Amino acid sequence: KGADDLKRQLAQEEAERTSAMVTADQKISALTTQTAETLKTLKGNLEELTNHLTECQIEERVAAEKIETLGEKIEKMKEEIKEESNLTKEQFETQQRKATE
């Protein structure tokens, strides 16, 4: 009888270990699937952010070029205003001289 009890106990322990291993395998499989799905989502998000960053960099370059062009136009306008100002000053001085003569 003692041998039969021992066999039953060993069989029960083996069944419990097998059940625990099956449960662990199922959890590992579920976690592996979840991890793969998460990585796929993260990869998609990274690609989307990379594309957005590229678009922003292009827009930044275009904006920088426009700013540079505007800066050049402003400098040119300043020069033109300065030249016109000098001409006006000279004309005024000439008129003043003619008036005093």
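**Figure 1. The E75–K78 pair in helix α1.** E75 and K78 both belong to helix α1, where three residues, about one turn of the helix, separate them. Helices here are DSSP runs of H or I with at least four residues, strands are runs of E with at least two, and numbering starts from the N terminus. The two side chains form a salt bridge whose closest N and O atoms are 3.5 Å apart; the term denotes a side-chain nitrogen of Lys or Arg within 4 Å of a carboxyl oxygen of Asp or Glu. E75 counts as partly exposed because its relative accessibility is 44%, and K78 is also partly exposed, at 49%. Buried means under 20% relative accessible area, exposed over 50%, and partly exposed in between (1.4 Å probe, protein chains only). The C-alpha atoms of E75 and E93, 18 residues apart along the chain, are separated by 27 Å.

The model is predicted: local features require pLDDT of at least 70 and side-chain atom pairs pLDDT 80 or more, whereas totals for chains, interfaces and linings use all residues. Residues are numbered from 1 along each chain as its sequence is written, and side-chain values use heavy atoms, with hydrogens and water left out.

**Figure 2. The salt bridge between R8 and D5.** The closest N and O atoms of R8 and D5 lie 3.0 Å apart. These residues are separated by about one helical turn because they are three residues apart in helix α1. R8 is exposed, at 53% relative accessibility, whereas D5 is partly exposed, at 33%.

**Figure 3. The salt bridge between E14 and R17.** In this pair the closest N and O atoms are 2.9 Å apart. E14 and R17 are three residues apart in helix α1, so about one helical turn separates them. E14 is partly exposed, with a relative accessible area of 42%, and R17 is partly exposed at 44%. The structure holds three salt bridges.

**Figure 4. A negative surface patch around E80.** E79, E80, E83 and E84 form the patch. Patch residues have over 30% relative accessible area and no salt bridge; like charges are joined within 9 Å, and nonpolar side chains (Val, Leu, Ile, Met, Phe, Trp, Tyr) within 5 Å. Asp and Glu count as negative, Lys and Arg as positive, with His and the chain ends not counted; a charge is placed at NZ of Lys, CZ of Arg, CG of Asp or CD of Glu. E80 lies in helix α1, which covers residues 2-100, and counts as partly exposed because its relative accessibility is 39%.

Key. Areas by Shrake-Rupley, 256 points an atom, 1.4 Å probe, with all protein chains shown as cover.
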